[in-house]
Amino acid sequence: MIQLQSGKFTFEEYLAYEDETDNRYELIDGVLIPLPPESEPNLSIANYLFLILVNAGIPFRLVHPHSCEIQVPIIQAGDAANRYPDLVVLAEEHLKLTQKRLTLTLEMPPPRLVVEVVSPGKIASERDYERKPLQYAARGIQEYWIVDRQRQMVAVLCLESQRYVQTVFRGSARIHSPTFPQLSLTAEQIFALS
């Protein structure tokens with residue numbers, strides 16, 4: 001276990017930290033903030049998307065619901081230095097790079113797709129719609145989905161000139177993924193679960 005002199009973690013110290021629990025943390029301003037357990041509807045949606053992606057031909061070892069951590073640039077004070085998206089699709093090269101820990105550091109290529117399922121409440125909504133898109137864009141993540149149960153919509157954000165361009169899908173409209181054009185999926189299918 002790492003001992004801290006200053007009471008604040010660098011990202012490297014955080015990566016070496018072990019507290020002998022299964023807790024997940026966000027590192028915010030050098031402080032470890034425990035993440036609460038995920039809700040059942042959000043878990044179900046992420047697991048459903050896992051099945052859809054694998055059935056569409058994406059190798060199952062590349063698709064990780066609720067288990068992949070991504071180091072992200074800190075854009076403003078109070079931003080987390082790491083995120084745990086609800087679902088991440090890795091590139092093949094990540095398999096060798098994540099043998100010890102399923103953490104994509106800034107030195108590694110970005111994942112192919114990140115999906116966040118919005119939790120109820122203003123803070124969660126602001127984080128998924130405002131803070132995370134800025135950090136994911138700065139990280140170079142080409143495609144980011146926001147799955148919003150309250151609004152019954154899926155926003156697909158695609159990186160163009162270092163900024164996201166958003167397309168919203170509702171109801172029976174087929175979701176278009178530039179990264180995975182073979183997907184046949186609608187918002188209606190996703191929200192039938194919740």
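Q: What is the mean pLDDT of the protein chain in this predicted model?
A: Let's start with confidence. In this predicted model, 96% of the residues of the protein chain reach a pLDDT of 70 or more. The mean pLDDT of the chain is 93.

Q: How many disulfides does the structure hold?
A: Take C68 and C158 as the place to look. The nearest cysteine sulfur to that of C68 belongs to C158, 20 Å away. A disulfide needs the two sulfur atoms within 2.5 Å, and the sulfur of C158 is therefore too far from that of C68 for a bond. The number of disulfides in the structure is 0.

Q: Is C158 buried or exposed?
A: Buried means under 20% relative accessible area. C158 has a relative accessible area of 16%, so the cut-off places C158 among residues that are buried.

Q: What is the relative accessible area of C68?
A: C68 is in no disulfide. C68 is also buried. Its relative accessible area is 0%.

Q: How many salt bridges does a search of the whole structure find?
A: Side chains of opposite charge can pair when their charged atoms come close. Among the pairs here are E26 with R83, D79 with R131, and K132 with E116. The search of the whole structure finds 7.

Q: How many residues apart are E26 and R83, the pair that links distant parts of the chain?
A: The closest N and O atoms of the E26 and R83 salt bridge are 3.1 Å apart. E26 sits in strand β1 (residues 25–28), while R83 belongs to strand β5 (residues 82–83).

Q: Are E26 and R83 buried or exposed?
A: The relative accessible area of E26 is 10%. For R83, the relative accessibility is 3%. Because the cut-off for this class is under 20%, E26 and R83 both count as buried.

Q: In which helix does R131, the salt-bridge partner of D79, lie?
A: The side chains of D79 and R131 meet at 2.9 Å, N to O. D79 is in the loop between β4 (69–71) and β5, 52 residues apart from R131. D79 and R131 are buried. R131 lies in helix α4 (residues 122–139).

Q: Which residues do salt bridges that share partners join into one network?
A: K132 and E116 meet in a salt bridge of 3.2 Å, N to O. K132 lies in helix α4 and E116 in strand β8 (residues 113–118), so the pair ties together parts that are 16 residues apart in sequence. K132 is buried at 7% relative accessibility, and E116 is buried at 2%. The network is made of E116, D128 and K132.

Q: Which are the edge strands of the open sheet of 3 strands?
A: The order of this sheet is β5-β4-β7, with mixed pairing. An edge strand pairs on one side only. The edge strands are β5 and β7 (103–104).

Q: Which residue in β7 is the bridge partner of I70?
A: Strands of a sheet pair through backbone hydrogen bonds, either parallel or antiparallel. β4 and β7 pair in the parallel sense, over 2 bridges. In β7, the bridge partner of I70 is L104.

Conventions. Residues numbered from 1 in each chain as written. Predicted model: local features only at pLDDT ≥ 70, side-chain atom pairs only at ≥ 80, totals over all residues. Heavy atoms only, no water. Buried < 20%, exposed > 50% of the residue type's maximum accessible area, 1.4 Å probe, protein only. Salt bridge = Lys/Arg side-chain N within 4 Å of Asp/Glu carboxyl O. Helix = DSSP H or I, 4+ residues; strand = E, 2+ residues; numbered from the N terminus. Pairing = 2+ DSSP bridges. pLDDT = per-residue confidence, 0-100.
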